[in-house]
Amino acid sequence: MGEQPIFSTRAHVFQIDPNTKKNWVPTSKHAVTVSYFFDSTRNVYRIISLDGSKAIINSTITPNMTFTKTSQKFGQWADSRANTVYGLGFSSESHLVKFADKFAEFKEAARLAKEKSQEKTELTSTPSQGVAVKRNVLSVNKPGKKKESAPGDLQSPLTSESLNGTDDERITPEAPQLPEARAEPSQNALPFSHSSSSINKHWEAELAALKGNNAKLTAALLESTANVKQWKQQLAAYQEEAERLHKRVTELECVSGQTTAIKSQKTELNQTIEELEMALKAKEEELERLKAEVESANEFRTQKDSLTQKLQDTESRNQTLEAQLSDLEQRLESSQLEREAFRKSLRSLLELLDSKIFELNELRDTLAKLLEGS
C-alpha cells in the first residue's frame, strides 16, 4: 500500500444532517481514532476514521478546504466530493489546535503538490506537441508525396496522443524516426498506428478501472447488507434493554412503596417518642409530688424510706427512659440518613432511566430515518 498514517488523534465524529443541514448526527458511539494519511502513489493527503470495520470518514484534503474551530473543543470542515460536512469533538482544546494545525499544514502541502503536478503536465505536453508539429510539417513538405501523406496528417492530430505525446515521445522528445520518415513515405502511418495502440491501452485501462469500481460497489453493497443485519441485531438488543429497563422501573416502584412503609414507621416512632415524653413528664410530676409528701410528712419515716426507694426506682427508670429516648433519637437520625441516601440512589436511577429512554428515542428516530432512506 502506498498510503501511510502520519498523524492520529481521538475524537467523536459527527456529520451534518442531510435533510436539515443544521443538526449534527453522531456517526460513532464513542471516541474513535482519526488519522491523516499520505498516498504516495497519487501524492494526496486524506483524513480517515474507522468505527470497527466501517469507514465513517474518508475525506481527501484539497487546497480549497477550510477547517473551522466553532468552539474550544469542536471543529468542522466541508467535503464537496462526499457532499457532507464533517465535525469532530475533542476531549481538550490542545487536541483541537493540534488537529487544525496539521490540517493547515497538509492543505498547503496538497496545494504545492497540485501546482507541481500542473507544472509537470505542462512540461510534458509542450515537447510532445512540438514533436507532433515537426512530423506534420515534414509530411506536408515532402516532395512528391503530398497526397499520400495528407490522410495521415489529418488523422493523427485528432488523437489524444498526438496532442499530448505518446509514452515514447514523453521519454525521448527528440524522435529518431524523423530522418527515416523523410526517406520513405510508408513510415507516415507509424504515428497513427502507435496512437491507435495507445488509445486501445487507454480504453483497456478505463475498462480495468470500471471493473475495479464495479468490484468496489459490490463490496460496498455487501458491507451495507452486513450493516443492515448488524443494525437489526442492535435493534433487538435495544429492545431487550428496554424490557429490562421497564422491569427496573417496576422494581423502583416497589422500592417507592417501601419508602411509604418507612414513612409510616417514622410516624409511629414519633408517636412513641411523644408518649414517652408524656410519661416522663408524668413521672417527673409524680416525683415532685412524692418529694412534697416526704417534706410534709417527717413523722412517717418508714413511709419516707419506702418513698425514697420509690424515688430511686423512679430515677433508675428515668435513666432507662432517657437511654431509650437517646437510642430512639439515634435510630431516627439513622433512618433519616438512610432515607436520604435512598432518595439520592432513586433519583440517580431515575436520571439514568431518563437518559436511556432518551438514547432509545434517538436511536429509534435514527433507525427510522435509515429505514426511510433505504
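Reply: The largest nonpolar core holds 23 residues, and those that touch the most other members are Tyr36, Ile47, Ile57, Trp77, Leu88 and Phe99. Two or more residues of this core come from each of S1, S3, S4, S5, strand S8 (84–89) and helix H1 (93–141). The largest share belongs to H1, which supplies six residues. Please keep in mind throughout that this is a predicted model.

For the setting, the protein chain contains seven helices and eight strands, and 22% of its 374 residues are buried.

When neighbours within four places in sequence are left aside, isoleucine 57 is in contact with Val13, Ile47, Ile48, Ser49, Trp77, Tyr86 and Leu88. Of these partners, Ile47, Trp77 and Leu88 are named, like Ile57, among the core residues that touch the most other members.

Strand S3, one of the elements that give two or more residues to the core, also contains phenylalanine 37. With a relative accessible area of 19%, phenylalanine 37 counts as buried, because the limit for that class is under 20%.

Aspartate 17 is buried, with a relative accessibility of 5%, whereas lysine 21 is partly exposed at 48%. The side chain of aspartate 17 reaches the backbone nitrogen of asparagine 19 at 3.1 Å. Beyond its neighbours within four places in sequence, aspartate 17 is in contact with Lys22, Asn23, Val25 and Lys369. Lysine 21, for its part, has a positive phi of about 60° although it is not a glycine. Most residues other than glycine have a negative phi.

A positive phi of about 60° is also found at asparagine 43, again a residue that is not a glycine. Asparagine 43 lies in the loop between strand S3 (32–39) and strand S4 (44–51), where its relative accessibility of 37% makes it partly exposed.

Further along, the loop between strand S5 (54–60) and strand S6 (68–69) contains threonine 62, which is buried at 16% relative accessibility. The side chain of threonine 62 makes a polar contact of 2.5 Å with the side chain of asparagine 64, and, not counting residues up to four places away in sequence, threonine 62 touches Arg81 and Lys107.

Asparagine 43 leads on to the open space in this part of the model. The second largest pocket contains about 420 Å³ of space, and of the 19 residues that line it, those closest to its centre are Arg42, Asn43, Val44, Thr60 and Ile61. S4, S5 and H1 are the elements that give two or more residues to this lining, and H1 gives the most, with seven residues. H1 therefore has the largest share in the core, with six residues, and also gives the most to the pocket lining. By class, the lining of the pocket has seven nonpolar, five polar and seven charged residues.

The model has three cavities of 30 Å³ or more, and the second largest cavity has a volume of about 60 Å³. Leu276, Glu277, Leu280, Leu321, Glu322 and Leu325 line this cavity, and helix H6 (190–296) and helix H7 (301–373) each supply at least two residues of that lining. By class, the lining of the cavity has four nonpolar, no polar and two charged residues.

Methods:
Residues are numbered from 1 along each chain as its sequence is written. This is a predicted model: local features need pLDDT of at least 70, side-chain atom pairs count only at pLDDT 80 or more; totals for chains, interfaces and linings use all residues. Side-chain values use heavy atoms; hydrogens and water are left out. On a 1 Å grid over the protein atoms alone, a cavity is a set of points where a 1.4 Å probe fits but cannot get out, and a pocket is an open set with protein on both sides within 12 Å along at least five of seven lines; lining residues have an atom within 4 Å of a point. Grid points are joined across faces, edges and corners, and a volume is the space filled by probe spheres set on the points. Helices (H or I, at least four residues) and strands (E, at least two) are DSSP runs, numbered from the N terminus. Ala, Val, Leu, Ile, Met, Phe, Trp, Tyr, Cys and Pro count as nonpolar, Asp, Glu, Lys and Arg as charged, and the others, Gly among them, as polar. Buried means under 20% relative accessible area, exposed over 50%, partly exposed in between (1.4 Å probe, protein chains only). A polar contact is a pair of N or O atoms within 3.5 Å; within protein, one must be able to donate a hydrogen and the other to accept it, and residues adjacent in sequence count only if both atoms are side-chain atoms. Contact means heavy atoms within 4.5 Å. A nonpolar core is a set of buried Ala, Val, Leu, Ile, Met, Phe, Trp, Tyr and Cys residues joined through side-chain atoms within 4.5 Å.
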